[in-house]
Amino acid sequence: MTMNHTISDVLPADTSGIYIGRVWDPSRELPVPVLYADGKVWDASSLASTTADLLELQDLNGHLSQLRQDRPTWNVEDIYLESQGNSNVPMLLAPLDAQVIKACGVTFVGSMIERVIEERSGGDPSAAAKVREQMQSELGVDLATVVPGGKEAEAVKQALLERNWWSQYLEVGLGPDPEVFTKAPVLAAVGSGSSIGIPAFSSWNNPEPELVLVVDSQGRTVGVTLGNDVNLRDVEGRSALLLGMAKDNNRSTAIGPFIRLIDDAFSLQDAHQLEISLTVDGPEGYTLNGMNVVSALSRTFDDLVEATRGDHHQYPDGFVLFTGTLFAPKQDRDVPGEGFTHKVGDIVTIATDKLGSLVNQVGKTEELPPWTYGIRSLCRDIARLEQSREKP
């Protein structure tokens, strides 16, 4: 099964937005920040060398409006995806560069329960169905109505302790502090149209469709995009201390296709109302459908951002923040009772009209192209961009 998608397949249907991205410019052999609007793409490197710098500009919308007075650099049809492109053509990249890639977990009741099930089944998918049934009968409480950190949450915690059902996942799901972790190194994310990887040591894994907040150095959420927080359920289920092993591998983070800026036409409240669809099309004809309803988050965007950045931790280049997912697949794919896991060749589509589509094909991590473009490469390219601007 091959991924035959083109740029037109990943573009947002809503043309009223202001979208920021990154494109590989073959003429200069380096990545540049871009503005996408009205089917056209403008090289924005005259304004800033990176998307991180671009998002720090005062009156960014004014600068972008002025940029649109110039002739577009490319028609959008001139841009290729990684699956169909090469270094000789303009190619869509993940829309972030210098920003740190952070993530919050256990922010939805459904995913919280599934993390507990993973833990209690020891990462064994064959035991998950029995644990899930036992837990549902034991709890006897609607956790969806419980506000994390409140008195009711504390009472639920005590009740679960008495039943010997308390878990570290329930602590971050119901307690005062959310789970925040580093999902991937700077520059390690892949974009829409790229391959994502599952390492050989995992046999129970799944996609996680998420809304990703884009936050500047001052802690202001300036935009949003889509993300796939590829998850290894068997690894994390063995021990939460293996979170890094479960989350951070080559091509385990996909973000894109663009960053949609927060403005008068699209507010953070609009972002909170998004419903993000997920489709997995398998090489054997299998299809899995799911949905992440962002409004079902148990914590606010502000809560998540403040838990990440503040007096306790600063991000001078800004950061992006995965907000978690409601989606946790329980549909059996092969063996009854073992639920879903990826196969090589799966095509994963995460989409919403307001942000576009994040489309990736699953491969074996160890066999996919390695991560080679790091911070030193970015610094060299920034220097080249700045030198080219200085030339008469």
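This is a predicted model: local features need pLDDT of at least 70, side-chain atom pairs count only at pLDDT 80 or more; totals for chains, interfaces and linings use all residues.
Me: In β18, what is the bridge partner of I196?
Reply: The bridge partner of I196 in β18 is V362.

Me: ok, and how many helices and strands does the protein chain have?
Reply: The protein chain has 11 helices and 18 strands, where helices (H or I, at least four residues) and strands (E, at least two) are DSSP runs numbered from the N terminus.

Me: Back to β8 and β18, what is the strand order of the open sheet?
Reply: The open sheet has 5 strands in the order β8-β18-β17-β14-β15, and its pairing is mixed. β8 and β15 stand at the edges with a single partner strand each, so one side of each is left without a neighbour in the sheet. From one strand to the next, the twist averages 25 degrees, with axes fitted as lines to C-alpha atoms (for helices, over the stretch in contact) and angles running from 0 to 180 degrees between N-to-C directions.

Me: How does β14 pair with β15, and over how many bridges?
Reply: β14 (residues 275-281) and β15 (residues 287-293) pair in the antiparallel sense over 7 bridges. The two strands form a hairpin with 5 residues between them, and G285 in the turn has a positive phi of about 95 degrees. β14 is also joined by 5 bridges to β17 (residues 347-352), and these two strands run antiparallel.

Me: What stands opposite D281 in β15, and what in β17?
Reply: In β15, D281 stands opposite T287, and in β17, D281 stands opposite I347.

Me: Which residues make up the covered face of β14?
Reply: The covered face of β14 holds I276, L278 and V280, whereas E275, S277, T279 and D281 are on the uncovered one. In a regular strand, side chains alternate between the two faces of the sheet.

Me: New topic, which residues touch the most other members of the largest nonpolar core?
Reply: Those are L211 and L213, in a core of 38 residues. A nonpolar core is a set of buried Ala, Val, Leu, Ile, Met, Phe, Trp, Tyr and Cys residues joined through side-chain atoms within 4.5 Å, and buried means under 20% relative accessible area, with exposed over 50% and partly exposed in between (1.4 Å probe, protein chains only). At least two residues of this core come from each of β8, β10, β11, β14, α10, β16, β17 and β18. Another core, of 29 residues, lies apart from it, and I18, L55, I101 and A189 are among its members.

Me: And what does L213 touch?
Reply: Leaving out residues up to four places away in sequence, L213 touches T221, G223, V224, F301, V305, F319, V320, L321 and T323, where contact means heavy atoms within 4.5 Å.

Me: Which residues of α10 are buried?
Reply: In α10 (residues 301-308), the buried residues are F301, L304, V305 and T308. They cover an arc of only 95 degrees around the axis, which puts them on the same side of α10, the arc being that of the directions from the helix axis to the C-beta atoms. The buried residues of α10 pack against several elements, including β6, β7 and α9.

Me: What about the buried residues of α2?
Reply: In α2 (residues 60-67) they are L60, L64 and L67. Their arc around the axis is only 55 degrees, which puts them on the same side of α2.

Me: Last one: is R251 buried or exposed?
Reply: R251 counts as buried, at 9% relative accessibility, and has a positive phi of about 60 degrees although it is not a glycine. E29 also has a positive phi, near 55 degrees, and is likewise a residue other than glycine, but E29 counts as exposed, at 52% relative accessibility.

Definitions and conventions
Residues are numbered from 1 along each chain as its sequence is written. Side-chain values use heavy atoms; hydrogens and water are left out. Two strands pair if DSSP finds at least two bridges between them.
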